[in-house]
Amino acid sequence: MALRHAVLAALLDGEYSGYQLAKAFDIGVANFWHALPQQLYAELTRLEKDGLVEGRQVVQEARPNKRLFRVTEAGRAELERFAEAASKPSFIRDDLLVKVQAADRIGTAPVIEQLEERASVAEAKAELLSKLLRQMRGDADEEEFLRRGDRIGPYLTCLRGLTFEQEHRDWCLRIAAVLRERQKTSHAER
């Protein structure tokens, strides 16, 4: 997947300025595709040049003018081609896992500390995603929203992000506890 597809998918809900797109990305898309604001602005320029999005200038009196972007029919067709193509298997690439892999041969205190910090970050993200899910479904309970909700895609990806963060938090806490217990046992045996 290229950033272009993530941007096109994010623009399906309407017109966004680059700033609004960055905010939408930060809230809803970042749980499965990370991009810096400058990457998004550069991608919008490429997408417009390729005819996949259309931009229009909005004159503002009290603030600088802004450009709003929306997906074109060619952009929708590109997303359809993308959706039809086979997806590659996902994989994990995480420096913290390298540290855990080496935990038997290195000091574990910094690894335990980093695992606990990562668990804390995952918990904060899970809380944010839970709040976002509640906002998306409004008064409907989850099962009702999943059956009849409007624009289900962002909800489903947010749900995946929530599950990922919860599992990540639980794994980090478990591994920190295992390493801490092993640390105690090895000190007691000496």
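**Sheet and helix contact**

I looked up the sheet and found 3 strands in an open arrangement, ordered S1-S3-S2, with antiparallel pairing. S1 and S2 are at the edges with a single partner strand each, so one side of each has no neighbour in the sheet. I took strands (E, at least two residues) and helices (H or I, at least four) as DSSP runs numbered from the N terminus. Strands count as paired if DSSP finds at least two bridges between them.

This is a predicted model: local features need pLDDT of at least 70, side-chain atom pairs count only at pLDDT 80 or more, and totals for chains, interfaces and linings use all residues. Residues are numbered from 1 along each chain as its sequence is written, and side-chain values use heavy atoms, with hydrogens and water left out.

I then went through the bridges. S1 (residues 16-17) and S3 (residues 66-71) run antiparallel, joined by 2 bridges. Tyr16 is opposite Phe69 in S3, and Ser17 has Leu68 in S3 as its bridge partner. S2 (residues 53-58) is joined to S3 by 6 bridges, also antiparallel. Val58 has Lys66 in S3 as its bridge partner.

Next, the helices. H1 (residues 3-10) packs on H4 (residues 73-84) at about 120°, with axes 10 Å apart. Axes are lines fitted to C-alpha atoms over the stretch in contact, and angles run from 0 to 180 degrees between N-to-C directions.

Which residues meet? His5, Leu8 and Ala9 in H1 contact Gly75, Glu78, Leu79 and Phe82 in H4 (heavy atoms within 4.5 Å).
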